[in-house]
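Biologist: I would like to learn how to read a structural model feature by feature, with the general idea before each case. Could we go through one together?

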Amino acid sequence: MGRHRKQQPATVTRGSVIALTGLVPAGVVATNAAAAMATDPTAASVEMHMSAVGAAPGQAMAPASFDDTVMHAMAKQSPEAPVEVKTVALAPDRARNDLPVAASGIPGIAQDAYLQAEQILADENPSCNMSWTMLAGIGRVESTHMYNGKADADGNALSPVFGPALDGSLAGNNVIHDSDGGALDGFGGYDRAVGPMQFLPETWTHYAADGNRDGISDPQNYYDATLTAGKYLCSGDLDMNDPAQQTRAILRYNNSMAYVANVMAWAQSYKTGIAPQPAELPKI
């Protein structure tokens, strides 16, 4: 899938959307998805992000393209000084962070990253209306919040997080050839997704954000990864208060309605405190 450690809940129909949370009716999500695909070509461009799912196994992906609208939106969202994009080599024996688990059940280090990203995006791109709960929905589906908070006090992963090599050997995954010389994903020949928010190296380089303001954008740092995910979702002047635009943004992240339903369900559960039941989450 280009990600790993996903939940494997009971399969439901493609249009089903979380009756427990009452987020939106299934028909609305299906309609929003159709509108997103019709109005936003990037919604169907999984090469723009990490999952590379949906084409026949072994099919090579074309290089990602970033149109003027998206690049303009990125420029508006990036008033800070340019950052250095790299993965920082750190000692393997670092202590785990000691932030307590939040009332939502989210590890403290993860919730802190989501809240900080929400505030930064509110300052830099207020029209996006990005909520920390939506970022938490992405983080829950992508890596179970950095494998339940396995990060040091600065938000750096205690062990680097990588997806499988996108070499066509896994059913449903496209072939994505190396774009970074292994600089971010530590792998030559083919790309693989990196960090707790699971970005392809090329996409990370385009949207790289410095969530902890240390001058470095590291996909293995939860603060950087969360803010980068927010910038990616907001790109193109999308407004997360509009359900159709929210759906469009999540489809950009992963071109799958099951993925959209899972992210929306978890985001809603963090708002309400009511966890979705496994049987009500579509299998990704």
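**Reading the model**

Modeller: Let us begin with Y259, which is buried, having a relative accessible area of 0%; buried means under 20% relative accessible area, exposed over 50%, and partly exposed in between, with a 1.4 Å probe and protein chains only. This is a predicted model, in which local features need pLDDT of at least 70 and side-chain atom pairs count only at pLDDT 80 or more, while totals for chains, interfaces and linings use all residues. Residues are numbered from 1 along each chain as its sequence is written, and side-chain values use heavy atoms, with hydrogens and water left out.

Biologist: Which aromatic ring stacks with that of Y259?

Modeller: Rings of Phe, Tyr and Trp (for Trp, the six-membered ring) pair if their centres lie within 6.5 Å, and planes under 30 degrees apart count as stacked, over 60 as edge-to-face and the rest as tilted. The structure holds nine aromatic pairs. In one of them the ring centres of Y253 and Y259 are 6.3 Å apart and the planes lie at 5°, so this pair is stacked. Y253 is also buried, at a relative accessible area of 0%, and ring pairs join F199, W204, Y207, Y232, Y253 and Y259 into a cluster.

Biologist: How many helices and strands does the protein chain have?

Modeller: Helices (H or I, at least four residues) and strands (E, at least two) are DSSP runs, numbered from the N terminus. The protein chain has eight helices and two strands, and from the N terminus the order of its elements is α-α-β-α-α-α-β-α-α-α. Of its 284 residues, 53% count as buried. A contact means heavy atoms within 4.5 Å; among the contacts in the protein chain with a separation of 6 or more, 69% come from residues 24 or more positions apart.

Biologist: Which residues have the most contacts inside the largest nonpolar core?

Modeller: In soluble globular proteins, nonpolar side chains tend to be buried together. A nonpolar core is a set of buried Ala, Val, Leu, Ile, Met, Phe, Trp, Tyr and Cys residues joined through side-chain atoms within 4.5 Å. Here the largest such core has 53 residues, and those with the most contacts inside it are Y114, M130, M197, L233, Y253 and Y259. Two or more residues are given to this core by each of α3 (108–124), α4, α5, α6 (222–234), α7 (243–253) and α8 (257–272), with the largest share, nine residues, coming from α8.

Biologist: How should I read the span of helix α4, residues 132–149?

Modeller: The expected span of a helix is 1.5 Å times one less than its number of residues. A straight helix of 18 residues would span 26 Å, whereas α4 spans only 16 Å between its end C-alpha atoms. A bend at a residue is the angle between axes fitted to the seven residues ending there and the seven starting there, and α4 bends by about 90° at V141. Of the 18 residues of α4, 17 are buried, so the helix is largely enclosed by the rest of the structure.

Biologist: What does H145 touch, leaving aside its neighbours within four places in sequence?

Modeller: H145 lies in helix α4 and, at 3% relative accessibility, counts as buried. Its contacts beyond those neighbours are I106, P107, A110, Y114, A136, G139, R140, Y222 and Y270.

Biologist: Which cysteines does a disulfide join?

Modeller: A disulfide is a pair of cysteine sulfur atoms within 2.5 Å. A search of the whole structure finds one, joining C128 to C234 with an S to S distance of 1.9 Å. The pair links distant parts of the chain, 106 residues apart, with C128 in the loop between α3 and α4 and C234 in helix α6. The link is left-handed, with -80° about the S-S bond. C128 is buried at 0% relative accessibility, and C234 is buried at 0% as well.
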